[in-house]
Amino acid sequence: MFFRTWQRLSSVVLGLVLAPAAMADWGLNMPQGITEVSQSIFELHMLIFWICVWIGVVVFGVMFYSIFKHRKSKGAVASKFHESLGLELLWTAVPTVILIAMAVPATTVLIQMYDTTNSDVDIKVTGHQWKWQYDYLGEDVGFFSNLTTTDDEIYNRTEKGENYLEEVDNHVVVPTGQKIRFLITSNDVIHAWWVPEIAVKKDAIPGYINESWALIPEGQEGIYRGKCAELCGVQHGFMPIVLEAVTADEYQVWLDDQRAGKVAEAAAAQGDFSYDELMVEGAAVYARSCAGCHGTEGQGMGSIFPALAGSSMALNDMAGHIDIVLNGKPGTAMQSFSAQLTDVEIAAVITFERNAWGNDTGETVTPKMIIDAKK
Amino acid sequence: MTTATASHDDHGDHSHHGPAKGIMRWVLTTNHKDIGTMYLWFSFIMLLTGGVMALIVRAELFQPGMQLIRPEFYNQMTTMHGLIMVFGAIMPAFVGLANWMVPLMIGAPDMALPRMNNWSFWILPFAFGMLLFTLFTEAGAPNFGWTFYAPLSTTYAPSSVTYFIFGVHMMGISSIMGAINIIVTILNLRAPGMTMMKMPLFVWTWFITAYLLVAVMPVLAGVVTMMLMDIHFGTAFFDAAGGGDPVLFQHVFWFFGHPEVYIMILPAFGIVSQIIPTFARKPLFGYASMVYATSSIAFLSFIVWAHHMFTVGLPLQAELFFMYATMLIAIPTGVKVFNWVSTMFRGSMTFETPMLFALAFVVLFTIGGFSGLMLSIAPADFQYHDTYFVVAHFHYVLVPGALFGIIAGVYYWLPKWTGHYYNESLGKFHFWMSFIGVNVTFFPMHFIGLAGMPRRIPDYALQFADFNAIATVGAFIFGFSQLIFLYLLIKTIRGGEKATDQVWEGAEGLEWTIPSPAPYHTFAEAPHVK
């Protein structure tokens, strides 16, 4: 391919200064990624980069030549020329040709990126403040994916883990060798779902379902990390994406496990739980799903996110408390948790909120009460 | 200034019209030089205010983990930094330079609408006072980014958003009045013989900029009014749940926002086009093509807005249109750069501080232009969008671009304003510290952006740590270097070597024919331009 040869030629010439290979090793450059599209994008990126470098060399070359040669201290006498129609036409025409040459491959890649037809797997991705929800369409599998980096790591009370801010509880698992279509939307503000290695970045917009796709070749199984790319509020920096590519067979096994897990969860909710069990579970759920807005000590945040410690709802209104956790409060950042958390988790966290930080109601909310409230 | 006025007898009756005494001189003034001075000092204060916010942001990003501030305050800082720098520092600084220099360059006695000029300025302190006071309210300052995308800025906004909307309206009124004043002045008050195609390029670029302002500030006013309606009056322009459209917000915002980008750079093109010929002692290469290139850029700025929205899910055809249109901007912009370089070629150059800033402008703005060209390639933009690569790009065009242009202009005209030469060594020291600081701050951002760091995050994954630390060091070097500038300005106003009328050996134009410092009233009788 012309561009590759050209790129290689440029690399050799400027390789001593800025070798692209070395740039990749030091994390200086865009990842080439693992899909055909991501690699095409990388090539476009390097092509336009080298075009810019070469234009820069020429323009800055002339400029610095003038700066060193045509300086008054060296006795340079200014000439008086101030226009040249030929020259001006030339430097209008040459960039035009370069741009057209650049637009052709860019258009080809863009058309390819927009072709979301004939997908094998459809995954609906929903952005929430501040987590991602994944639904595997037609598979009866769906879950939320929350950051697992702890506040202790973020606030420097313990050492940061290897995947600091890039780790979640539930990975979005996809098969290799199959075309995956992502249907991206949002439940509240605008987010953007971005995994650099597959070059998928698409805004998640309430009221819209955006489409994007990726085909991860067989042999590229592995874990690929991404992030929310659109400012979505306080915890924008804390809602990563972890994409796990597995073989098609492993993917089927994983789907079965997910479905079996759901059945087991429903059965567990029918069991009996002690106050102590619920408090332990509730504390963990609170830290993961609630503390981001309501504060680690239930103190709330600013005037937008109310405190739970000492709140009248947490102290007096159990039905209202269950209702707001299950259904959320429209028009505010308070989301519906009925699909995000299991019945056991909801019961546990409400029990926790009604007894932690001096709320001491002594009340226990059981999973069965949650099941009843959902009816 | 008073003595200079008295000693200058060219203008007969007007020579005794010195400035009024005390604070009321500044409150009531209709003098373009006084108002220009106030604009410039206001924008410098805003530059330092927005700069402190930037340093708070950079300090927090020095290391991974949250050390100094909380994420909610971080978002307020990034938002306020952007708003203050765009609307409080860069734009008023250009208006200040226009106030001072446009009448002097076209041989006009003052701006055409002097009372409106006073009002344009005095709105600003109140607008920014209101914006800044939200920092001390319980809800906190606006925290949704300077682009304030709905519904984060409507349904999910802190209550301070209403003050923000009111503030934006006031800034918009100020900008529109300022722009109208400049247009009217240029069209009506040119000295005999000063035809349009003889106007200095600074006047030309401001003329075109003023039209952009008149065209797009009402669009900004429209979009914030729609927000106000959504927040307080039950409409649903941007609320999907009510049948509205969050993407509409972005279309309207960027229809304002992209011309706005050129509003912040075209006058800097003009300044650099004044300075380079002066210090190359050679006429500007391709004057006419500079004018046409600026006009082309202004026209194109209206049809490229959606390149800020390549990832929102536009149809393929729209995506292609906006990609091609955006790439086209490289052509007139290239023409300008080639013309500046050709002006230097076979000149007789010296390197006083204004020239150093202008040369740095040409190189670093061009680097910002290169990354802009890269960003215009829509498929690649899917990887660049909303990363630090974009942060690097627009800071390269705005800091060593717009801001260096302004600083170059201040050094260039300072002897004319104050009657004193500034201290050249101190100026060069300021330049080199700023040049090093700006590159150490923003160059590494290209790398961390390409490596995958999103913008507007208060904390980041560990692989981005080294370059963030370097960028923070650069930011502090750059920030504190501006105190050298402040010291130099005060020193030059107070005294220094007496400046000649022409100030610079190679300077040409009407502003260099009047005494230094410029008398309080100039060109009461119009000069004749050959």
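Helices here are DSSP runs of H or I with at least four residues, and strands are runs of E with at least two. The model in the viewer is predicted.

**Stop 1: chain B as a whole**

Along the principal axes, the C-alpha atoms of chain B fill a box of roughly 70 × 50 × 45 Å. Of the 530 residues in chain B, 63% are buried. Among contacts in chain B with a separation of 6 or more, 82% join residues 24 or more positions apart.

**Stop 2: the largest nonpolar core**

Next, select Ile90(B), Val272(B), Phe361(B) and Ala408(B). Within the largest nonpolar core, which has 252 residues, these four touch the most other members. Colour helix 4 of chain B, residues 71–106, as well: this helix gives the most to the core, with 22 residues.

Now centre the view on Ala408(B). What is Ala408(B) in contact with, leaving aside its neighbours within four places in sequence? The partners are Ile271(B), Val272(B), Ile275(B), Pro354(B), Phe357(B), Ala358(B) and Phe361(B).

A second, separate core lies elsewhere; to find it, select Cys293(A), Val325(A), Ala348(A) and Ile370(A), which are among its 18 residues.

**Stop 3: helices 4 and 6 of chain B**

Two packed helices are described by the angle between their axes and the distance between the axes. For this pair, the axes come within 11 Å and cross at roughly 20°. Angles under 35 degrees count as roughly parallel, so helix 4 of chain B is roughly parallel to helix 6 of chain B. The crossing is left-handed.

Show the side chains to see the contact:

- From helix 4 of chain B: Phe87(B), Met91(B), Val95(B), Ala98(B), Val102(B), Pro103(B) and Ile106(B).
- From helix 6 of chain B: Met171(B), Ser175(B), Gly178(B), Ile182(B), Thr185(B) and Ile186(B).

**Stop 4: where chain B touches chain A**

Finally, show both chains. The contact between them takes 81 residues from chain B and 79 residues from chain A. Several helices of chain B each supply at least two residues of the side that touches chain A, including helix 4, helix 8 (246–263), helix 13 (353–376) and helix 16 (424–450). Which helix of chain B gives the largest share of that side? Select helix 12 of chain B, residues 330–344: this helix provides the largest share, eight residues.

How values were computed:
Residues numbered from 1 in each chain as written. Chains lettered and ligands numbered in written order. Predicted model: local features only at pLDDT ≥ 70, side-chain atom pairs only at ≥ 80, totals over all residues. Core = buried A, V, L, I, M, F, W, Y, C linked by C-beta atoms within 7 Å. Buried ≥ 20, exposed ≤ 12 C-beta atoms within 10 Å, placed from the backbone. Contact = placed C-beta atoms within 7 Å. Axes fitted to C-alpha atoms, helices over the stretch in contact; angles between N-to-C directions. Parallel < 35°, antiparallel > 145°, perpendicular 65-115°, else oblique. Left-handed = near helix turned anticlockwise from the far one by under 90°.
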